[in-house]
Every structure is written in C-alpha cells, then in structure tokens.
Amino acid sequence: MNPEGQGVRERAEAASYTGWQELGKNLAAGAATPAEAVQDWLDSPGHCQTLMDPKFRELGVGSVAAPGSPYARSWVQNFGTR
C-alpha cells in the first residue's frame, strides 16, 4: 500500500498499465545505489522469488529521494504480464 492506500493493482491501472494478467512488486528502502537495491532484493528470499519469477514479462523501476524519512532513498520494481 502507498500512503494513499492504493495497492499494486490500483497503482498499475492508475499509470495506464491495463490488460494485465499478473502483477508483482518489490520495494527497497535505504539503499544508496541501484546496485545496492538489487543486491538487497537478491538477498531476500521473497523478493528474489518475485525478481526471478518467469511468469513476469515486463518491468518498471523507480526511485525516489525521501528527505525527512529514516531512509534517504526508496526503490521499487513493478512486474507484470499482459
């Protein structure tokens, strides 16, 4: 859920990602670089499973600076199949 209470489905559709059959996501908070975020996902069994899942065919990646948060930066991977 995001601060507005939307789950991955609502966020995907709000971003015009429609007609999907499968959706997934990975979040990482605090990694300073993309390489660190990916390593964190690979080191986490649940995140790694999502990252390696062959049912996903499309990927979106984002990052945001989070001033005032305990985490300097947050990262997201959104996975989908249409």
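The charged end of arginine 73 sits over the ring of tryptophan 75, with 5.8 Å to the ring centre. Keep in mind that this is a predicted model. Trp75 also belongs to the largest nonpolar core, and Arg73 turns up again as a contact of alanine 65. Here's the rundown, topic by topic.

**Core and aromatics**

- The largest nonpolar core is made of 5 residues, namely Ala28, Ala31, Ala37, Trp41 and Trp75.
- If you go looking for aromatic pairs, a search of the whole structure turns up 1.

**The largest pocket**

- How much space lies in the largest pocket? The volume comes to about 370 Å³.
- The lining has 20 residues, and Val8, Arg11, Ala12, Val76 and Asn78 are the closest to the pocket's centre.
- Four elements each put at least two residues into that lining: helix H1 (8-14), strand S1 (22-29), strand S2 (58-65) and strand S3 (73-81).

**Threonine 81, in strand S3**

- Thr81 is found in strand S3, an element that helps line the largest pocket.
- Is Thr81 buried or exposed? Its relative accessibility is 10%, so it counts as buried, the cut-off being under 20%.
- Leaving out neighbours within four places in sequence, Thr81 is in contact with Tyr17, Trp20, Gln21, Glu22, Lys55, Phe56 and Arg57.

**Around the S2–S3 loop**

- Alanine 72 is in the loop between S2 and S3, and at 63% relative accessibility it counts as exposed because the threshold is over 50%.
- Past four places in sequence, Ala72 touches Val64, Ala65 and Ala66.
- Alanine 65 is in strand S2 and has 42% relative accessibility, so it lands in the partly exposed class, between the 20% and 50% cut-offs.
- Setting aside neighbours within four places in sequence, Ala65 is in contact with Ala72 and Arg73; that Arg73 is the residue whose charged end sits over the Trp75 ring.
- Ala65 and lysine 25 are 40 residues apart along the chain, with 19 Å between their C-alpha atoms.

- Serine 16 has a positive phi of about 70°, although it is not a glycine.
- Ser16 is in the loop between H1 and S1, and with a relative accessible area of 58% it is exposed.
- Serine 44 is in the loop between helix H2 (34-43) and helix H3 (45-52).
- Why does Ser44 count as buried? Its relative accessible area is 19%, and the class takes in anything under 20%.
- Ser44 and glycine 5 are 39 residues apart along the chain, and their C-alpha atoms are separated by 25 Å.

Technical notes. Residues are numbered from 1 along each chain as its sequence is written. This is a predicted model: local features need pLDDT of at least 70, side-chain atom pairs count only at pLDDT 80 or more; totals for chains, interfaces and linings use all residues. Side-chain values use heavy atoms; hydrogens and water are left out. A nonpolar core is a set of buried Ala, Val, Leu, Ile, Met, Phe, Trp, Tyr and Cys residues joined through side-chain atoms within 4.5 Å. Buried means under 20% relative accessible area, exposed over 50%, partly exposed in between (1.4 Å probe, protein chains only). Rings of Phe, Tyr and Trp (its six-membered ring) pair if their centres lie within 6.5 Å; planes under 30 degrees apart count as stacked, over 60 as edge-to-face and the rest as tilted. A charge sits over a ring if NZ of Lys or CZ of Arg is within 6 Å of the ring centre and within 35 degrees of the ring normal. On a 1 Å grid over the protein atoms alone, a cavity is a set of points where a 1.4 Å probe fits but cannot get out, and a pocket is an open set with protein on both sides within 12 Å along at least five of seven lines; lining residues have an atom within 4 Å of a point. Grid points are joined across faces, edges and corners, and a volume is the space filled by probe spheres set on the points. Contact means heavy atoms within 4.5 Å.
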